[in-house]
Amino acid sequence: MPRYALLVEYDGGPFSGWQRQTDHPSVQAAIEAALARLEPRAHTIAAAGRTDAGVHARGQVAHCDMERDWDPFRLSEALNFHLKPAPVAIRACARVAEDWHARFSALERRYLFRLLVRRAPATLEHGQVWRVMKPLDLDAMRAGAAHLVGRHDFTTFRSVMCQAKSPVKTLDEIAITRVDLGAGEEFRFELRARSFLHNQVRSIVGTLERVGNGAWSPLDVKRALDARDRAACGPVCPPDGLYLMGVGYPEPVFG
């Protein structure tokens, strides 16, 4: 059966996450239903990462197996037609080898977290950012983040429900930038690693926000990491501002 890679974008707000569930809407189920309109049968797709409820994606990658030999462009167009009105779009589609796997062939995942600092509520970007009201110190957050880069036991920064076999992960990069919006500012946290633990990014950003607002010192981040204790973590921030931006593979998939 021909295998196709899909580059997927979605607003996670209406969904209970990526993974198909019996009684709740999911991104996976929406795409599988669209596939069934093209080839009427049960479809099962796999993704590079199972994003949680409310988490968005601009560069999720999934793969599907089809019976027909579809032109990739026509397949993406047909899927987008049948996905309406769900906030899910297939940005690109490519034919891949039959043993290629969206999850297991991946070398890295890249996430973005958007944190809005302003007194007024978010309106146009409601559900797309995490809004806080206290000013944040960029240099302090960068200093705190530096303690997390590299290979560590991230027990402190993973959910108690995490199913990963080991809490040891290598965080390749945390870049934090600030954008002046005139009435307020946005802080963008970009994280890159081969893989992440459940809630790791949201736990890290929630902890760094405490550093930024002065409740923690940068050294407190190292102390929390070294504690290897979930109770030592700062608050887990909401999913609204989290985006799966891209997935890296040994060879470019979509050209």
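This is a predicted model: local features need pLDDT of at least 70, side-chain atom pairs count only at pLDDT 80 or more; totals for chains, interfaces and linings use all residues.
Figure 1. When the neighbours within four places in sequence are set aside, the residues in contact with A36 are R41 and H43. K134 lies 98 residues from A36 along the chain, and the C-alpha atoms of these two residues are separated by 48 Å.

Figure 2. The secondary structure of the chain consists of 5 helices and 10 strands, and the C-alpha atoms fill a box of roughly 60 × 40 × 35 Å along the principal axes. Among the contacts between residues at least 6 apart in sequence, 71% join residues that are at least 24 apart.

**Figure 3. The largest nonpolar core and the surroundings of F189.** In soluble globular proteins, nonpolar side chains tend to be buried together. The largest core in this model has 64 residues, and the members that touch the most other members are I31, L115, L148, L171 and F189. Helix α1 provides the largest share of this core, with 6 residues. Apart from this core lies another one, of 13 residues, among them A92, V96, A106 and Y249. Returning to F189, and leaving aside its neighbours within four places in sequence, the contacts of this residue are with Y111, L112, F113, L115, M141, A175, I176, V205 and L208.

**Figure 4. L242 in strand β10.** L242 lies in strand β10, which covers residues 242-248, and it is buried, with a relative accessible area of 6%. Although L242 and F113 are 129 residues apart in sequence, their C-alpha atoms are 4.5 Å apart in space.

Figure 5. Helix α5 spans residues 218-227, and its buried residues are V221, A224 and L225. These residues cover an arc of only 100 degrees around the axis, and therefore lie on the same side of α5. An α-helix has 3.6 residues a turn, so residues three or four places apart point the same way. The cover over the buried residues of α5 includes α3 (138-146), β7 (150-153) and α4 (200-212). Just after α5 comes R228, which takes a positive phi of about 50 degrees although it is not a glycine. R228 is placed in the loop between α5 and β10.

Figure 6. Most residues other than glycine have a negative phi, and most peptide bonds are trans. N199, a residue other than glycine, has a positive phi near 70 degrees. N199 is found in the loop between β9 (185-193) and α4, and with a relative accessibility of 16% it counts as buried. The peptide bond that runs from K84 to P85 is cis, with an omega near 5 degrees, and P85 is found in the loop between α2 (72-83) and β4 (88-96).

Figure 7. With a disulfide requiring two cysteine sulfur atoms within 2.5 Å, the count for the model comes to 0 disulfides. C93 is in no disulfide, and the nearest cysteine sulfur, which belongs to C64, is 6.4 Å away. C93 is buried, with a relative accessible area of 14%. For C233, the closest cysteine sulfur is that of C237, and because the two sulfurs are 9.5 Å apart they are too far from each other for a bond. C233 is likewise buried, and its relative accessible area is 13%.

Technical notes. Residues are numbered from 1 along each chain as its sequence is written. Side-chain values use heavy atoms; hydrogens and water are left out. Contact means heavy atoms within 4.5 Å. Buried means under 20% relative accessible area, exposed over 50%, partly exposed in between (1.4 Å probe, protein chains only). Helices (H or I, at least four residues) and strands (E, at least two) are DSSP runs, numbered from the N terminus. The arc is that of the directions from the helix axis to the C-beta atoms. A nonpolar core is a set of buried Ala, Val, Leu, Ile, Met, Phe, Trp, Tyr and Cys residues joined through side-chain atoms within 4.5 Å.
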